[in-house]
Amino acid sequence: MTELGAYVERFETNTRSRALRGAAAIVIGVPISVAGVLLFVMAQESGTFGGEMFIGLVIGGGLGLALMGGWACWHAIGKRGETFTLYERGFVHTWRKSTTIVPWIAVEAAVDHSKKNVLAKALGGDVGCLVKLTDGRKILINGFTEGAAVLAHDIFEAVGRRT
């Protein structure tokens, strides 16, 4: 990649960890949802009312966790072999049979999507760098990429220097 300058560092995405955490979220979320539905049905049959909001939160929380786990598993399968190779004047994003060469001038914006909570850290959202390209494409770097915080910092710095 001579047009991108000298090689700096390579960052690999840990899709195995993404898949395991996604599966764990499904395994935890589905029983919580089922328990919420059972509570709802038992309350309806006994004629007791009240607590619907709590039951709704249990069902919704369980379903949300299961859906986020499914999303993580989907990305683990779809983004196998994902790597980011950083160079002086850009980076290369590779996954499966797709390669995107991104010189800094092709980056429209880099947006920080990092979240600082336990659930975000468990599902890779503790680091979130959305790179918007001038041609409309988007590339997301998240916490499942080894060294993602360093890569995101370097991208923010390079895009900031350019403007």
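This is a predicted model: local features need pLDDT of at least 70, side-chain atom pairs count only at pLDDT 80 or more; totals for chains, interfaces and linings use all residues.
## Around Thr13

Where does Thr13 sit? You will find Thr13 in the loop that lies between β1 (7-12) and α1 (15-46). Thr13 counts as buried because its relative accessibility is 9%, and the cut-off for buried is under 20%.

## The largest nonpolar core

Now to the inside of the model. The largest nonpolar core has 19 residues, and Phe91, Val131, Ile141 and Ile155 are the ones that touch the most other members. At least two residues of this core come from each of β2 (83-87), β6 (128-133), β7 (138-142) and α4 (148-162). Which of the elements gives the most? That is α4, with 6 residues.

Setting aside neighbours within four places in sequence, Ile155 is in contact with Phe91, Trp104, Ala110, Cys129, Val131 and Ile141. As general background, nonpolar side chains in soluble globular proteins tend to be buried together.

Val30, Val34 and Leu38 make a nonpolar surface patch of about 250 Å².

Is Val34 buried or partly exposed? Val34 counts as partly exposed because its relative accessibility is 44%, and that class lies between the 20% and 50% cut-offs.

Technical notes
Residues are numbered from 1 along each chain as its sequence is written. Side-chain values use heavy atoms; hydrogens and water are left out. A nonpolar core is a set of buried Ala, Val, Leu, Ile, Met, Phe, Trp, Tyr and Cys residues joined through side-chain atoms within 4.5 Å. Buried means under 20% relative accessible area, exposed over 50%, partly exposed in between (1.4 Å probe, protein chains only). Helices (H or I, at least four residues) and strands (E, at least two) are DSSP runs, numbered from the N terminus. Contact means heavy atoms within 4.5 Å. Patches are made of residues with over 30% relative accessible area and no salt bridge: like charges are joined within 9 Å, nonpolar side chains (Val, Leu, Ile, Met, Phe, Trp, Tyr) within 5 Å. Accessible areas come from the Shrake-Rupley method with a 1.4 Å probe; for residues, only the protein chains shown count as cover. A salt bridge is a side-chain nitrogen of Lys or Arg within 4 Å of a carboxyl oxygen of Asp or Glu.
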